Every structure is written in structure tokens, then in C-alpha cells.
Amino acid sequence: MKLFSFWRSLATYRVRIALNLKGLTPEIVEVNLMKGDQRDAKFRAVNPMMAIPALVDGDGPALFESLAIIEYIDETHPKPPLLPAEPKARARVRGLAQIVAADSHPLVVPRVREYLSAEFKVDEAGVMKWAQHWHKAALTALEQHLAGEKDTGTYCQGEQITVADICLASQVAGANFFKIDLAPYPTVARIAATCAKNDAFARAHPLKQPGAPAA
Ligand SMILES: N[C@@H](CCC(=O)N[C@@H](CS)C(=O)NCC(=O)O)C(=O)O
């Protein structure tokens, strides 16, 4: 397996956690988002969306979109399962995951922040405000679900680590990058702290990857 990755990428962090949980160690191919490697023709041939992660298993083709890749990993390596068995629980887990991966994260990726700045002349403080706004919108919704619903346990869905926890961890890592206080989101913070103690999450953390700054 070959994973196209960069230390800072939150979407790739999600896939790294899933791979670690399954005991898989792919070859890592760096796509340096700070140098714009994602827009090089060579990588564009791998993922026309010019975004990481991408995963090549065997002869390929290259798989793209973190949630699709995680479901592929889960389907090809079923233990431990990353989705619950019961249909309503599966839908809840997928919903929580998509608050992060579909509603919030796409609004704060480099290409969106760069477009705000280059096309609409939003200054650095304005771009930060934008990113914080969309982060907080997701954190508020996640907190309301997790604090108020009986399915929440040690993890987002009872006692099982699921794709919802994987996405929650990436949301919290992003919140730290964008200097967001987690105090208003205590259930999110509690679950993320529990996950952070798990070796599969800890080893996958952006700041633990080659090339990452010390803090
Ligand atoms: N929805 C995609 C998001 C992929 C994505 O946008 N990845 C970011 C890094 S976290 C990226 O490569 N961005 C490149 C850019 O914005 O130019 C997923 O979940 O995989």
C-alpha cells in the first residue's frame, strides 16, 4: 500500500488512524501542501481533485476521499470494525463523521483559504476568523449530539472506536491549529482526550509525522 500524505493534512490524519487501528503500514509518499505539490501534474494524475489523502493498494487504482478510503480499509480488513453493526447506529456514526469531513473541513482546507485571500483580498486575521467560524459550527453541533444522546459512551458511539472518533480527532487537531478553546465543548474534548491516549491515534497525529514542527 502507498499513502500520499503530509504531516499537516487532517484528512490524511483520519486515514493514518484507520490504518494504524488495522495494523497496516503503507509506504508514505509526501505531498508537500506548503510547497503546492498537490497541484503538480504528477500528483494530479493520482487525484484530479489535487488533495490528499490518496491510497494505492496493489495495482491501484488510486483511492481518494478520506471517508471512502477508510470504508475501503474497513471492508478489506474487517477487524476491528470501524462501524457499528446496527443500522441506526451506523447512520449516526456516519452522520457525526460527515459533520467533520463533509460540512466543516472542506471550508478550511488550503485551497479555500488561499482563494479567500488571493481572490477576495481577505487578510490573515479574516481568514483565521473564517476558519474558526466553521470549526466552531461543527464543534457546537458535535457537542450537542454527543452530550445529549444516549448512544454516546466512552467514545462517540458507546464503547466502540468508530469512524466518528477518527473524524472527531481530526476536528480537534484542526481546532488546535486554529487556536480554538475547547472549553465550550467538554464532551468533544473528553472523547478526543481518550482517543489521544490510544497508540493508533497518537502515532497518526500530525505533529508526530516527519517534517512536522515540534509544537
Ligand atoms: N474531502 C476530502 C478533503 C481532502 C483535502 O482537501 N485535503 C487537504 C489536506 S487536509 C488538501 O490536500 N488540500 C489541498 C489544497 O487545499 O490545496 C477528504 O476527506 O479526503
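Analyst: Happy to! Keep in mind that this is a predicted model. Let's begin with Gln-38, which sits in the loop between strand 2 and helix 2 (41-44).

User: Why is Gln-38 called buried?

Analyst: The word buried is used for a relative accessible area under 20%. Gln-38 has a value of 5%, so it counts as buried.

User: Which residues does Gln-38 touch, leaving out those up to four places away in sequence?

Analyst: Its contacts are Val-31, Asn-32, Leu-33, Phe-43 and Met-50. Contact here means heavy atoms within 4.5 Å.

User: Now the sheet. In what order do the four strands lie?

Analyst: The order is 2-1-3-4, in an open sheet with mixed pairing.

User: What makes strand 2 and strand 4 edge strands?

Analyst: Strand 2 (27-30) and strand 4 (62-64) each pair on one side only. On average, neighbouring strands of this sheet are turned by 25° against each other, with direction ignored.

User: How do you know that strand 3 and strand 4 pair?

Analyst: Two strands pair if there are at least two bridges between them. Strand 3 (residues 54-56) and strand 4 have three bridges, in the antiparallel sense. For example, Val-56 has Ala-62 in strand 4 as its bridge partner.

User: What lies across strand 3 and strand 4?

Analyst: That is helix 3 (residues 66-76), which runs at about 120° to strand 4.

User: What makes a space a cavity and not a pocket?

Analyst: In a cavity a 1.4 Å probe fits but cannot get out, whereas a pocket is open. The largest cavity is lined by residues including Leu-10, Arg-14, His-105 and Gln-171. Helix 1, helix 4 and helix 7 (163-177) each give two or more residues to that lining.

User: What is the volume of the largest pocket, and which residues lie nearest its centre?

Analyst: Its volume is about 730 Å³. Of its 32 lining residues, Ala-51, His-105, Val-109, Pro-110 and Arg-111 lie nearest the centre. Helix 5 gives the largest share of the lining, four residues.

User: How does the lining of the largest pocket divide by class?

Analyst: There are 20 nonpolar, five polar and seven charged residues. In the lining of the largest cavity, the classes are three nonpolar, five polar and one charged.

Conventions: Residues are numbered from 1 along each chain as its sequence is written. This is a predicted model: local features need pLDDT of at least 70, side-chain atom pairs count only at pLDDT 80 or more; totals for chains, interfaces and linings use all residues. Side-chain values use heavy atoms; hydrogens and water are left out. Axes are lines fitted to C-alpha atoms, for helices over the stretch in contact, and angles run from 0 to 180 degrees between N-to-C directions. On a 1 Å grid over the protein atoms alone, a cavity is a set of points where a 1.4 Å probe fits but cannot get out, and a pocket is an open set with protein on both sides within 12 Å along at least five of seven lines; lining residues have an atom within 4 Å of a point. Grid points are joined across faces, edges and corners, and a volume is the space filled by probe spheres set on the points. Ala, Val, Leu, Ile, Met, Phe, Trp, Tyr, Cys and Pro count as nonpolar, Asp, Glu, Lys and Arg as charged, and the others, Gly among them, as polar. Buried means under 20% relative accessible area, exposed over 50%, partly exposed in between (1.4 Å probe, protein chains only).
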